[in-house]
Amino acid sequence: MIRSENGYFGEFGGRFVPEILLPALTELEDLFFALRDDPAFWQEFATLCQEFSGRPTPLTPLRRLSKQLGGAQIWLKREDLNHSGAHKINNVLGQGLLVQRMGKQRVIAETGAGQHGLATAIMAARLGLEATIYMGAEDIERQYSNVFWMRQLGSDVVGVTTGAQTLKEALDEALRDWAASVETTHYVLGTACGPAPFPELVSYFQSIISDEIKEQSLRQMGRLPDEIVACVGGGSNAMGAFGAFLETPDVNLVGVEAGGVSLEDGKHSIRLSQNTGETGIAQGYKTLFLQNDDGQLGDTHSIAAGLDYVGVSPILAYLSQQGRVIPESATDDEVTEAFSLLMKTEGIIPALESAHGLAGGFKRARQMKPEQNVVINLSGRGDKDIFTVARAFPQREWTEFLQREAVRSTEALAKKRGH
Amino acid sequence: MFPAQYEDLQIMSHAVIGFPSLEENEKAIAGLAEAGVKLIELQVPFSDPVADGHTLVNACYEALKHGGSVQATLDLATTVCARHPEVTFVLMSYLNPLFRYGLEELFEKASAAGIKGMIVPDWPVEEIEPWLPTLDALGLSPILMVTPNTTAERVEKIAKASRGMIYVVSRMGVTGHETQWGEKFQKYIAEIRKHTDLPLAVGFGVRTANDLNALTGKAEVAAFCSQYIEWQRDEGSEIAANKMKSIIREIDSPEA
């Protein structure tokens, strides 16, 4: 796994936070550095992932789809089969072990699509911790089912109404909470971004994905894959899928960003390709941000709430600059097409975030030879996207069902109030 | 200039450039100067101000819609520094707008505009240290922050890199909420004084005349910012300046 130099990866990374947060980051870093090379700690983590989340997740060959596309053999790393439905749980379970060692009783988290918030709510419930989850008001509307479950699990979900009301604002708000609560609260950052040591720490726990891909490829393909493809929002599932292959140049690593509806400002979330992102320092770290000439962070768009982020992992910014990671993007339309294709050909319902990886991966696989292998990291499952997908593929009966359900739900509430 | 150590309490207040508008900023600053405010922070609005509470977050958001920027701040600074020589102007910003402008060029222009100091909450001491020779040559004082959980070792390091004064964050959290000024706070101040001869500017939670009275004799500067911006937002710059004037009169002659 890649290591930082004093928190930096090339020119990116660092720790640019208000002084008040510094002691907690130092404490976390000291603990992480003391544990990360300890095989017993990794074993404890792997066992927890096995017992609680069903790891190792399978590597599934897409035989019908590969044949249909006529290129390389496509395999899916099934992070969608994790408990909670996404790779986010890996990092959260790992940070849970750290929280227990630090003895803190409260956790906070930011969330975009709600998968990281959901994973944090699950971990908090299991460990008996108090949890507050910050989520942009816009994202709450997009991913209400996750909000519903977080609240049922006992977490406090706070809607953030500043700015564009998405992931960036949720992260700002989590940092503000942390400034007041840092002595008793751990901030479970959900992606490989933010101030050191988070990019390194989150990538470390997520690297369990690529450890498994390596072993499974050797067993199932008889060799390592030619290419690994992952969607990139903050970058945690990509870092997880790439981690074990960084020093194996024969394996191409491809990160697919959200192309949104167009390359116009505010209509996409592409930071690594096409000179869209510019070096900046915000939200505690230095990376490529979508920003204007005055250094104000820009607005983003994606059909997938989890990719709708203005910055990107400093590790991926560095690897992309070095040419080790190949940046690609997929538009909202390409994504819904890939989403539909996977469902109908292979019977798997992907998250819209992960469907960006599919769109990029399918495109590349078509150009490759049948004896080559592409692994796409299917970072999450699509159940949570039912409302968004229903709007992308409108059907009269679904709308009518929602109307009936709204009536039933209103009646249930009136009955509860009546008691 | 910055006050001397143990000088009587002075008030530092605030302008978010572009809030409520660039023209209004000039009038508001004139009002503050007339009210007897000795130091004024000129805040470059930022899209993601993580150390600020909702008052300043929303002011930043509004300011950006009304032309607030690094350049607008420098332009305004040139005007107000010349117009109000009795006031010490301090540039307050998050790092990214300054970084994008180009740090070296920014420092030169800020100094040329007449700005005397800089407060940048997300710029840690380790990253400032290499710039100290440049800043010293320009007479631009980095005013670093100390917080209640800063270790003695780090206070020492921060004190060494600070110029003009040290910004003492009164409590945990962000700007815009109340603070208690009891024994614990006094001990905290005393600890910091062990490491520095610089005057102390106390901020976060300075919202009433009582707060100012509590700080009299303990700090050299009180940063009276979010409450002032709330007055400005709700009642306009003129009334906000009048309120500031009466509060300063109150602490200057507590018997009156």
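**Entry 1: strand 3 of chain B**

I looked up how strand 3 of chain B is covered, and I found buried residues on both of its faces. On one side these are B:T88, B:V90 and B:M92, and on the other they are B:F89 and B:L91. I note here that the model is a predicted one. Five of the five residues of strand 3 of chain B, residues 88-92, are buried, so the strand is largely enclosed by the rest of the structure.

I then asked which strands pair with strand 3 of chain B. Strand 2 of chain B, residues 39-43, pairs with strand 3 in the parallel sense over five bridges. In this pair, B:Q43 stands opposite B:M92. Strand 4 of chain B, residues 117-119, also pairs with strand 3 in the parallel sense, over three bridges. There I located B:V90 opposite B:G117.

**Entry 2: the sheet of chain B**

I next traced the sheet as a whole. It is an open sheet of nine strands in chain B, with the order 5-4-3-2-1-9-8-7-6 and parallel pairing. Which strands stand at the edges? They are strand 5 (141-142) and strand 6 of chain B; each has a single partner strand, so one side of each is left without a neighbour in the sheet. I recalled as background that strands of a sheet pair through backbone hydrogen bonds, either parallel or antiparallel.

Strand 6 pairs with strand 7 of chain B, residues 166-169, in the parallel sense over two bridges. B:V146 stands opposite B:V168 of strand 7.

**Entry 3: where chain B touches chain A**

I examined the contact between the two chains. On the side of chain B, 29 residues are in contact with 27 residues of chain A. The elements of chain B that give two or more residues to this side are helix 2 (54-65), helix 4 (95-101) and strand 6 (145-146). Helix 4 of chain B gives the most, with five residues. I recorded the make-up of this side of chain B as 18 nonpolar, eight polar and three charged residues.

**Entry 4: chain A as a whole**

I turned to chain A and noted 16 helices and 14 strands in its secondary structure. Its C-alpha trace spans about 60 × 55 × 50 Å along the principal axes. For 419 residues, a compact globule would have a radius of gyration near 22 Å; chain A has 20 Å, which agrees. Of the 419 residues in chain A, 58% are buried. Among contacts in chain A with a separation of 6 or more, 74% are between residues 24 or more positions apart.

**Entry 5: the two domains of chain A**

I looked up the domain assignment of chain A, which gives domain 1 (8-24 + 88-202) and domain 2 (54-85 + 207-388). The centres of these two domains, taken over C-alpha atoms, are separated by 22 Å. I found 39 residues of domain 1 in contact with 36 residues of domain 2. Several elements of chain A give two or more residues to the domain 1 side, including strand 2 (12-13), helix 4, helix 5 and helix 8 (167-181). The residues of that side divide into 17 nonpolar, 15 polar and seven charged.

**Entry 6: helix 5 of chain A**

At 1.5 Å a residue, its 13 residues should span 18 Å; the end C-alpha atoms are 18 Å apart, which agrees. Helix 5 of chain A is mostly covered, with 10 of its 13 residues buried. Among them are A:Q115, A:L118, A:I122 and A:M123.

Against which elements do the buried residues of helix 5 of chain A pack? I found helix 4 (88-102), strand 5 (106-111), strand 6 (130-136) and helix 7 (144-152) of chain A. After helix 5 of chain A comes A:G128, whose phi is positive, near 70 degrees.

**Entry 7: A:F12**

I ended with a residue in strand 2 of chain A, A:F12. Is A:F12 buried or exposed? It has 25 C-beta neighbours inside 10 Å; buried requires 20 or more, so A:F12 counts as buried. I then listed its contacts beyond four places in sequence: A:K286, A:T287, A:P314, A:A317 and A:Y318. A:F12 and A:T287 are 275 residues apart in sequence, and their C-alpha atoms are 5.2 Å apart in space.

Terms used. Residues are numbered from 1 along each chain as its sequence is written. Chains are lettered from A and ligands numbered from 1 in the order in which they are written. This is a predicted model: local features need pLDDT of at least 70, side-chain atom pairs count only at pLDDT 80 or more; totals for chains, interfaces and linings use all residues. Two residues are in contact if their C-beta atoms, placed from the backbone, lie within 7 Å. Helices (H or I, at least four residues) and strands (E, at least two) are DSSP runs, numbered from the N terminus. Ala, Val, Leu, Ile, Met, Phe, Trp, Tyr, Cys and Pro count as nonpolar, Asp, Glu, Lys and Arg as charged, and the others, Gly among them, as polar. Two strands pair if DSSP finds at least two bridges between them. A residue is buried if 20 or more other C-beta atoms lie within 10 Å of its own, exposed if 12 or fewer, and partly exposed in between; C-beta atoms are placed from the backbone. The expected span of a helix is 1.5 Å times one less than its number of residues. Domain bounds come from an automatic or database domain assignment. The radius of gyration is taken over C-alpha atoms; the globule rule is 2.2 Å times the number of residues to the power 0.38.
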